[in-house]
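Subject: Structure for your review, with notes on what was found

Dear colleague,

Please find below the structure that I am handing over to you.

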Amino acid sequence: MLSKTEIETYKEVGAIVVEGVVDDLTLQQIKKVLAELVQRSRAVKAHDKVYDLEPGHSSEETRVRRIKTPHLVHPIFAECVRSPKIVAILQDLLGESVRLHGSKLNLKSPGFGSPVEWHQDWAFYPHTNDDLLALGVMLDDTTVENGALYIVPGTHTGPTYDHHGADGRFCGAMDFAASGLRFADAVPCVGPAGSCSFHHVRMVHGSAQNRSNRARGLLLYEAAAADAFPLLGVPDYDDFKRRLLCGKDTLVPRIVDCPVRMPLPPALNQGSIYENQTASSKRFFEAIEIARPGDST
């Protein structure tokens, strides 16, 4: 599915965007299901196992910022990640045997979609090796103005940054200013609806608030080489086996020396990264104007 150049770019940069991965019919089906889920949220008053809500959500004005584990919420999301095109790309980047680690669907509504502060996915779920990535299905045309995800190229080969707050507890956000990284080096992952971004699990990334009048939905899947085992353990082995997307399962983890910081003690505010990050005093994306000339072209 991927060209040699795309694979080499992923290895060097740590991320790629591939257009035309998800067809229009599948996108329409997903957005129909999503609209139904958002409509049902009118009866929900607080975060639960399906919904993560924006401040100000009400039955009169829905403000859903995340559908949690969508692959367990509706079959369309489980089917999407198992499509031949997506599986082929995952095999190009992770090897013949690939397991789904998890999923979520982030919604950025026009004018107020919440930012996600700088972080590395690796800080949340370290494994025995780092052949893991996040796949983002762009449900809408995605630009800087409506809250595109930003990556800092090359950071997938660097350190694992501290994602703990002043109280010593995990908070799911890093101190970008103290890291020595520069926003001037960051690159937005943009593309038309149906495009997919793929970024390495150790990639430093984040996204700003949606400041446009257009929605931005991003269906995210985390995928791992089947021989990568979570360091925090496997609480449900039957579920672990069911999440194999392709290839052969194994009970032999591949162990690679990678920089690891455990997400312990657990975040004070549980539920999602949005809740985790409320305990962080670092608010990079709330403090600066993101849009830069040429970013959305």
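Predicted model: local features only at pLDDT ≥ 70, side-chain atom pairs only at ≥ 80, totals over all residues.

**Strand 4 and its partners**

I begin with strand 4, which spans residues 98-108. This strand is mostly covered, with ten of its eleven residues buried. Strand 4 pairs with strand 3 (residues 64-68) in the antiparallel sense, over three bridges. In that pairing, Lys68 stands opposite Lys104 of strand 4.

The pairing of strand 4 with strand 11 (residues 216-225) is also antiparallel and runs over ten bridges. Here Asn106 has Leu218 of strand 11 as its bridge partner. Strand 12 is another antiparallel partner of strand 4, joined over two bridges. In this case Val98 has Cys246 of strand 12 as its bridge partner.

Four strands form an open sheet in the order 5-10-7-8, with antiparallel pairing. Strand 5 (116-119) and strand 8 (187-189) stand at the edges; each has a single partner strand, so one side of each is left without a neighbour in the sheet. From one strand to the next, the twist averages 25°. Strand 5 and strand 10 run antiparallel and are joined by two bridges. His119 has His205 in strand 10 as its bridge partner.

**Salt bridges**

How many salt bridges does the model contain? The count comes to 13. Side chains of opposite charge can pair when their charged atoms come close.

- Arg99 and Asp249 meet through their side chains in a salt bridge of 2.8 Å, N to O. Arg99 lies in strand 4, whereas Asp249 lies in the loop between strand 12 (244-246) and helix 8 (273-277), so the pair ties together parts that are 150 residues apart in sequence. Arg99 is buried, at 2% relative accessibility, while Asp249 is partly exposed, with a relative accessible area of 29%.
- Arg243 and Asp239 form a salt bridge in which the closest N and O atoms are 2.9 Å apart. Arg243 counts as buried, at 14% relative accessibility; Asp239 is partly exposed, with a relative accessible area of 21%.
- Glu8 and Lys11 form a salt bridge through their side chains at 3.9 Å, N to O. Both residues lie in helix 1 (residues 4-13), three residues apart, which is about one turn of the helix. Glu8 is partly exposed at 40% relative accessibility, and Lys11 is exposed at 53%.
- Asp52, Arg65 and Glu275 are linked in a network of salt bridges.

Is Met138 buried or exposed? Met138, found in strand 6 (residues 132-138), is buried, because its relative accessible area is 1% and the cut-off for buried is under 20%. Leu218, named above as the bridge partner of Asn106, is 80 residues from Met138 in sequence, yet the two C-alpha atoms are 5.0 Å apart in space. Leaving aside residues up to four places away in sequence, Met138 touches a set of residues including Val17, Leu27, Gly217 and Leu218. Also among its contacts are Cys189, Val190, Gly191, Pro192, Ala193, Gly194, Ser195 and Ser197.

Arg202 is found in the loop between strand 9 (196-200) and strand 10 (205-207). Although it sits in a loop, Arg202 is buried, with a relative accessible area of 7%. Not counting residues up to four places away in sequence, Arg202 touches Gln120, Trp122, Asp130, Thr155, His156, Thr157, Gly158, Cys258 and Pro259.

Which residues make the nonpolar surface patch of about 270 Å²? The patch is made by Val234, Tyr237 and Leu251. Of these, Tyr237 lies in helix 7 (residues 237-242) and is partly exposed, with a relative accessible area of 34%.

With kind regards

Conventions. Residues numbered from 1 in each chain as written. Heavy atoms only, no water. Patch = residues over 30% accessible without salt bridge, like charges linked within 9 Å, V, L, I, M, F, W, Y side chains within 5 Å. Areas by Shrake-Rupley, 256 points an atom, 1.4 Å probe, with all protein chains shown as cover. Salt bridge = Lys/Arg side-chain N within 4 Å of Asp/Glu carboxyl O. Buried < 20%, exposed > 50% of the residue type's maximum accessible area, 1.4 Å probe, protein only. Contact = heavy atoms within 4.5 Å. Pairing = 2+ DSSP bridges. Axes fitted to C-alpha atoms, helices over the stretch in contact; angles between N-to-C directions.
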